Amino acid sequence: MSAVPITIVQPKLILEDPHNCTDMGDALTVLDAIYDGFVRRTDAGYVPSLATSWQVAEEGRLWTFQLREGVRFHNGEVFDAHAAAACLKRMARPDMGVTLGAPGVYAQYLKGADITAPDDGTVVVRLAEPMSDFLDLLVYGYMAAPAALEDPRANPIGTGPYKVVRVDAEAIVAEANGDHFDGPPRFSSITWRGESDPAARAEALASGKASVANRLANGATAGSAHMVDYLSPTKVIYLFNTVTGPLADSRVRRALNLALDRDQLVERVRGGAGSPLYGPLSPVHPGYRPPETTGPDHEGAMALLAEAGHGGGLTIKVDCPTSLPDEAVALTEEVGRQLGAVGVTLDVRHIEDREAYAHMVRRSEIRDMCVFDSSPLSTYRVLHEKIDSRSKGSWWLGYQNTEVEALIDEAARTVDRAARHDVFARCHKVLVEDPPWLTCYCEVRRIGLAMSTVDPAWTMRADGVIDVRALPALAPSG
């Protein structure tokens, strides 16, 4: 363990309940430091953490985990199968897993599951339905101390490499857990601070007040700090109302996607800090297929619109928030300009209350389409929660394709990772041809690190979360 304390500045300072579902990187970097799950995600797949091994049977329904021995929570309580089962059962509660007003995210997968601890070192989970991607869920299935389960926000006690010593409006401070099963962590302490202004985050890094500054402005510098650009898995999209109105017609949905010049969209809206998105999966998602053509294809779009009865023009009613994504207004203006080239006009309604907007989308109260994002790195979650008409997830707006749903079922039953990813790729191809969304881009984000010795090989984790366990040697901050 180094004697070096570090400070991380990020847009938001948040200590989330470990059993609520969140894809917010600012929350996950804190949770990942305090807690461990059964497994950890790497580029090569899943590796053991609190579970040393696991077996899966019955086409992804039956999961048996062997747990690490000798692990204790930060308060001294023993980590065993009974504590682990209690956490999984808490995750399964329908009032848990809340994200932007959508409760029960985890309950969608754990409802009806039989979770047992046949002995101190074994947890058995029999799911009600096959889910060969169950480990994708357990990556964020954090294990919290039994004494803290009533209110983990007030008592953030895990088994992770850092243990919380202070939480207030200014900072979250955690000290190294020298007894962690992976060995003493690199830093003596970590302090997280929230700073909404990216220029102020860069200044904190340049002045030595921070060792890491995330979500910096495109092209930003901070003294001698090392800058790394990374592709976020968050996809900026427009959800389509496929039940009523013109976008119930697949030809119109396909035409809008053909008409977009995504390279120009990234340049004009994001200043180049983005990666064009040609389908519902990004390049970091399992099953992603590179586009066969990148367009735009105005001739093909106009032919489809004419075939659908809109050869004389079409007006699309758009709901647009003023934040999350923060460039939503500028994006919609540019999308409207581009779609004008194929005779499509946008009737835009702006909504300032972002939480109310999320509830409106969840209740399917949008007009023809709405600006949104899709953040899970899990391909199965994207398909299940937003596209499958049978599950009718919180962000599902009426899309239905029986071929897609058959492939979702096939993926759920396919235990072999490579074979399952091939099923996802086939599904992605169908979704490009019959799109549920207007896809725009993934954000490219910038992080700055005050490396004590520059490590050019360091990269951000695929889910866009700062993994404090994998940070390089950093200069101290304070």
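**Exercise 1.** Leaving aside its neighbours within four places in sequence, which residues is Leu331 in contact with?

*Solution.* The model is predicted. Start at Leu331 and skip the neighbours within four places in sequence. The contacts are then Val236, Tyr238, Leu265, Val269, Val371, Cys440 and Tyr441. The largest nonpolar core has 135 residues, and Leu331 is listed with Phe38, Phe65, Phe134, Met369 and Leu471 as having the most contacts inside it. Apart from this core lies another, of 12 residues, including Ala204 and Met227.

**Exercise 2.** Decide how the rings of Phe38 and Phe65 are paired.

*Solution.* Take the distance: 4.9 Å centre to centre. Take the angle: 55 degrees between the planes. Stacked needs under 30 degrees and edge-to-face over 60, so the rest count as tilted. The Phe38 and Phe65 pair is tilted. Now locate the partners. Phe38 lies in the loop between helix 1 and strand 2, and Phe65 lies in strand 5, so the pair ties together parts 27 residues apart in sequence. Phe38 is buried at 1% relative accessible area, and Phe65 is buried at 0%. Finally, widen the view: Phe38, Trp63, Phe65 and Phe134 form one aromatic cluster.

**Exercise 3.** Is Arg446 buried or exposed, and which side chain does its own side chain make a polar contact with?

*Solution.* First, find Arg446: strand 17, residues 437–449. Buried means under 20% relative accessible area. Arg446 has 15% relative accessibility, so this residue counts as buried. Then look for the partner. The side chain of Arg446 makes a polar contact with that of Asp229, at 2.7 Å. Beyond its neighbours within four places in sequence, Arg446 is also in contact with residues including Ala213, Met227 and Tyr230.

Definitions and conventions:
Residues are numbered from 1 along each chain as its sequence is written. This is a predicted model: local features need pLDDT of at least 70, side-chain atom pairs count only at pLDDT 80 or more; totals for chains, interfaces and linings use all residues. Side-chain values use heavy atoms; hydrogens and water are left out. A nonpolar core is a set of buried Ala, Val, Leu, Ile, Met, Phe, Trp, Tyr and Cys residues joined through side-chain atoms within 4.5 Å. Buried means under 20% relative accessible area, exposed over 50%, partly exposed in between (1.4 Å probe, protein chains only). Contact means heavy atoms within 4.5 Å. Helices (H or I, at least four residues) and strands (E, at least two) are DSSP runs, numbered from the N terminus. A polar contact is a pair of N or O atoms within 3.5 Å; within protein, one must be able to donate a hydrogen and the other to accept it, and residues adjacent in sequence count only if both atoms are side-chain atoms. Rings of Phe, Tyr and Trp (its six-membered ring) pair if their centres lie within 6.5 Å; planes under 30 degrees apart count as stacked, over 60 as edge-to-face and the rest as tilted.
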